[in-house]
Amino acid sequence: MSMRIAVALAATIGMGILMSSAAEARPEIVGVRGDYTPGTIVVKTSERRLYLILDQGRAVRYPVGVGRAGKQWEGTTRIDGKYQNPAWSPPAEVKRDKPNMPNVIPGGSPSNPMGVAAMTLAGGEYAIHGTNAPGSVGGFVSYGCIRMLNADITDLYQRVSVGTQVTVTR
């Protein structure tokens, strides 16, 4: 087997593994413990998972990217806005760390970190949002936002409304 064929074969197998992993990373109904009101979103930072509570003991679970070291937070807030293909302006902290970043990245741009939808959280500069970098979902990657696959944020976006309670735990 030539080196070119071997490399092509390895790339094909690797892509198949990546695609099958992405296909498995869809919302699933799971059991959940805790005294949460149906409709509440619970983010478990240590698990890098977001749960939408359906009823006592059941939730829809999604993989998420969360705040990296020093950028994590915990507490309870509410969704205060819902946006599809939002434009994004980097917060002051991001702009300080990345001064060459544009002041506004238009919605729909491949470089927009919000992906296809965002739900802003009351009381801060955080959001639950999609991403155009799906490989970052599942890691400690953000400045405090909750990052989801675009297909998953689209699903969650349709299930919740402005005012939905969001609880973030470590």
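Analyst: Let us begin with exposure: a residue is called buried under 20% relative accessible area, exposed over 50%, and partly exposed in between, with a 1.4 Å probe and protein chains only. Glu93, at 28% relative accessibility, therefore counts as partly exposed. Please note that this is a predicted model, in which local features need pLDDT of at least 70 and side-chain atom pairs count only at pLDDT 80 or more, while totals for chains, interfaces and linings use all residues. Residues are numbered from 1 along each chain as its sequence is written, and side-chain values use heavy atoms, with hydrogens and water left out.

User: What percentage of the 170 residues is buried?

Analyst: Buried residues make up 38% of the chain. Its accessible surface, computed by the Shrake-Rupley method with a 1.4 Å probe, comes to about 9300 Å², and 55% of this belongs to carbon and sulfur atoms.

User: How many helices and strands does the chain have?

Analyst: Helices (H or I, at least four residues) and strands (E, at least two) are DSSP runs, numbered from the N terminus. Here there are 3 helices and 11 strands. Along the sequence they follow the pattern α-β-β-β-β-β-β-α-β-β-β-β-α-β.

User: In what order do the strands of the open sheet stand?

Analyst: Strands of a sheet pair through backbone hydrogen bonds, either parallel or antiparallel. Two strands are taken to pair if DSSP finds at least two bridges between them. In this model, 9 strands form an open sheet with mixed pairing, in the order S1-S4-S3-S2-S11-S6-S7-S8-S10. Strand S1 (28–31) and strand S10 (146–147) stand at the edges with a single partner strand each, so one side of each has no neighbour in the sheet. Within the sheet, S3 and strand S4 (residues 58–63) pair in the antiparallel sense over 6 bridges. For instance, Ile53 has Ala59 in S4 as its bridge partner.

User: Which residues of helix H3 are buried?

Analyst: In helix H3 (residues 150–159), the buried residues are Asn150, Asp152, Ile153, Leu156 and Tyr157. They lie on the same side of H3, because they cover an arc of only 155° around the axis; the arc is that of the directions from the helix axis to the C-beta atoms. Contact means heavy atoms within 4.5 Å. The buried residues of H3 pack against S2, S3, S4, S6, strand S7 (117–121) and strand S8 (127–129).

User: Which residues touch the most other members of the largest nonpolar core?

Analyst: In soluble globular proteins, nonpolar side chains tend to be buried together. A nonpolar core is a set of buried Ala, Val, Leu, Ile, Met, Phe, Trp, Tyr and Cys residues joined through side-chain atoms within 4.5 Å. The largest one has 22 residues, of which Ile41, Leu50, Met119, Ile128, Met148 and Leu156 touch the most other members. At least two residues of this core come from each of S2, S3, S4, S7, H3 and strand S11 (165–169). A second, separate core of 7 residues includes Trp88, Val94, Met101 and Ile105. Leu50 illustrates the packing: leaving aside residues up to four places away in sequence, its contacts include Ile41, Val60, Ile128, Met148 and Leu156.

User: How many salt bridges does the structure hold?

Analyst: A salt bridge is a side-chain nitrogen of Lys or Arg within 4 Å of a carboxyl oxygen of Asp or Glu. The structure holds 5 salt bridges. One of them joins Arg61 and Glu28, whose closest N and O atoms are 2.6 Å apart. Arg61 lies in strand S4 and Glu28 in strand S1, so this pair ties together parts 33 residues apart in sequence. Lys71 forms another with Glu93, with closest N and O atoms 2.3 Å apart. That pair links the loop between strand S5 (66–67) and S6, where Lys71 lies, to helix H2, which holds Glu93, 22 residues apart.

User: Where does a positive phi occur in a residue other than glycine?

Analyst: One case is Arg48, with phi near 55°. Arg48 is found in the loop between strand S2 (41–44) and strand S3 (49–55). Another is Asn85, whose positive phi is about 45°, in the loop between strand S6 (75–84) and helix H2 (92–97).
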